[in-house]
Each structure stands twice: as C-alpha cells, then as structure tokens.
Amino acid sequence: MKLILFGTPGVGKGTQAHILAEKYHVAHLSTGDMLRAAIKDGTPLGIEAKKYMDKGELVPDDVMIRMIEEILSSESAKAGFILDGFPRTVKQAEALSEMLERNHQTLDRVLNFCVEEEEVVKRLSGRLTCGSCGTIYNKFYKPTKVAGICDNCGSSDLRQRVDDQEETVRQRLRVYHQSTEPVLAYYRERHMTTDIDASKSVPDVTAEVLKAINGSRNGVH
Ligand code: AP5
C-alpha cells in the first residue's frame, strides 16, 4: 500500500494515517513529525526548519525532497507507506514521481480530505499532543479521560504546537492555498485522487477511507 493523505492543516491526516499504518502494518511518513523530531534533537536541520515552521511557512523544497528520498529508500518503507504532509508543492510532487519511478514503485491513491476552514481552525486550536508517545488529543473532540494525563502512556507532558496559535494557523491555510492546492490539480490530472468527507467523526472518516482503499483495491497492495 502506497498512499498520500492530502488536505489542509488540521483536516485529520495525522489521525487517520496513524490508524491506517497500524491496520496495514506500513510506515506512517509524516514530514511534520520528522521535522519536529529534528527540532527536539537540536540538529542543524531542526534549527533551520524551526525558522519556517514557527511562522507557518514551508521548509524549502530541496530539504524536504532529500528527507523523503532518504526515507523512501530505507527498509522501513519497503512494505508500503502512508505519506502525510508530503508533497506540499508541485516541485515536491514531481520529485516524488521521479523517485517512485526510479524505485519501480507506483502510488496507489491520493486521498483528499475535505473539511470547512473554520472547523479546521477549531480542531487545531484544540489539539494537544503527548510529548512522550505522540498520541493526539483534542480539547473539544477527543479529551483525555483524566485531565492533563495521556490515556496511552500516563505522561502529563501534553503540549500545544507553537504553530497551532490562530494567527499562525491562518497563515498555514494561506500557504496551503497558494503553494499546496496546485498539487491536487497535479494528481487530479493523473486521475489518482479520491475525495474524503473528513468533517465526520474519526471512526466515520476511517470507514470512508477504508471504502476508498477497498474501492481501488486492484491497485492497492
Ligand atoms: P505538519 O505537521 O504536516 O502539519 P499540517 O499538514 O499542517 O497538518 P496538521 O498536523 O496540522 O494536521 P492533520 O491534518 O495531521 O490533523 P490531525 O490529525 O493532527 O506540518 C507542520 C509544518 O512543517 C508545516 O507548516 C511546514 O512548515 C513544515 N512541513 C511539513 N511538511 C513539509 C513539506 N512537505 N514541505 C515543506 N514544509 C513542510 O488533527 C488535528 C486535530 O483535529 C487533532 O486534535 C485531532 O484530534 C482532531 N481531529 C482529527 N480528526 C477529527 C475528526 N474527524 N473530528 C474531530 N476532530 C478531529
């Protein structure tokens, strides 16, 4: 299985990618998570990326393309992958097509998650992530059972992302429309997209995603 989960910030890509990766035993490749790990480790990449991420801007294409190239040729991606957050520009999409061709791999589907913009602003303002195990919560939709404690690992390190402040979220949405939306046209022209109504509850979105995957099952392996 080789999928791209596509859509605006906060549409639920990470949530669904996590569920699918567990179900199908494939790698969840989130470029945002990789960059945040680099920031946490204080690597040169992390220091450089933070300047862009905190402002809601995109990290330069050459950096991102190198990052994905490395991970796609690694053992962890051999059984399949779910790309979450990449490609985000047409240049990245073209580079991905070339990489896959070189590796004799084909993409199965691009799932385009659709939600009203004000709803994603609400989702992002309510998002909390466990700093210890990475489980994602939401103050409005998916609170922890005990306030301030991760249900999964018991950590009290629940964090709000710096770029989830409303002004930065609105900038990320502007960047999405300007630089990332054209990627959708790139894949639509190649008849590779399926729209997903991601405004439903998490289980209902998962059900729609599974239907889309099974609908194109001939090509998904
Ligand atoms: P990244 O981390 O990729 O952020 P994003 O794409 O903006 O996506 P988010 O993680 O904000 O949202 P999501 O769709 O995954 O939603 P989630 O499932 O968490 O990128 C961050 C930054 O890194 C970028 O701005 C850029 O600077 C840089 N970057 C990354 N990749 C790059 C690239 N390729 N090129 C250049 N720069 C790059 O859900 C959000 C919230 O909603 C959660 O609280 C969740 O619990 C809740 N939720 C989820 N689904 C539902 C539902 N169905 N109903 C109700 N609530 C829900």
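## Terms and basis

A residue is called buried when its relative accessible area is under 20%, exposed when that area is over 50%, and partly exposed in between, with a 1.4 Å probe and protein chains only. The model is predicted, so that local features need pLDDT of at least 70 and side-chain atom pairs count only at pLDDT 80 or more, while totals for chains, interfaces and linings use all residues. Residues are numbered from 1 along each chain as its sequence is written, and side-chain values use heavy atoms, with hydrogens and water left out.

## Aromatic pairs

Rings of Phe, Tyr and Trp (its six-membered ring) are paired if their centres lie within 6.5 Å, and the planes make the pair stacked when under 30 degrees apart, edge-to-face when over 60, and tilted for the rest; by this rule there are 2 aromatic pairs. Phe 6 and Tyr 176 form a tilted pair, because their planes stand at 50° with the ring centres 6.1 Å apart. This pair links distant parts of the chain, 170 residues apart, with Phe 6 in strand E1 (residues 2-6) and Tyr 176 in helix H7 (residues 166-189); helices (H or I, at least four residues) and strands (E, at least two) are DSSP runs numbered from the N terminus. Phe 6 is buried at 3% relative accessibility, and Tyr 176 is buried at 7%.

Tyr 186 and Tyr 187 form an edge-to-face pair, with 5.0 Å from centre to centre and 90° between the planes. Tyr 186 is buried, its relative accessible area being 10%, and Tyr 187 is buried at 2%.

## Charges over rings

A charge sits over a ring if NZ of Lys or CZ of Arg is within 6 Å of the ring centre and within 35 degrees of the ring normal. The charged end of Arg 190 sits over the ring of Tyr 186, at 3.7 Å from its centre, and that of Lys 23 sits over the ring of Tyr 24, at 5.7 Å from its centre.
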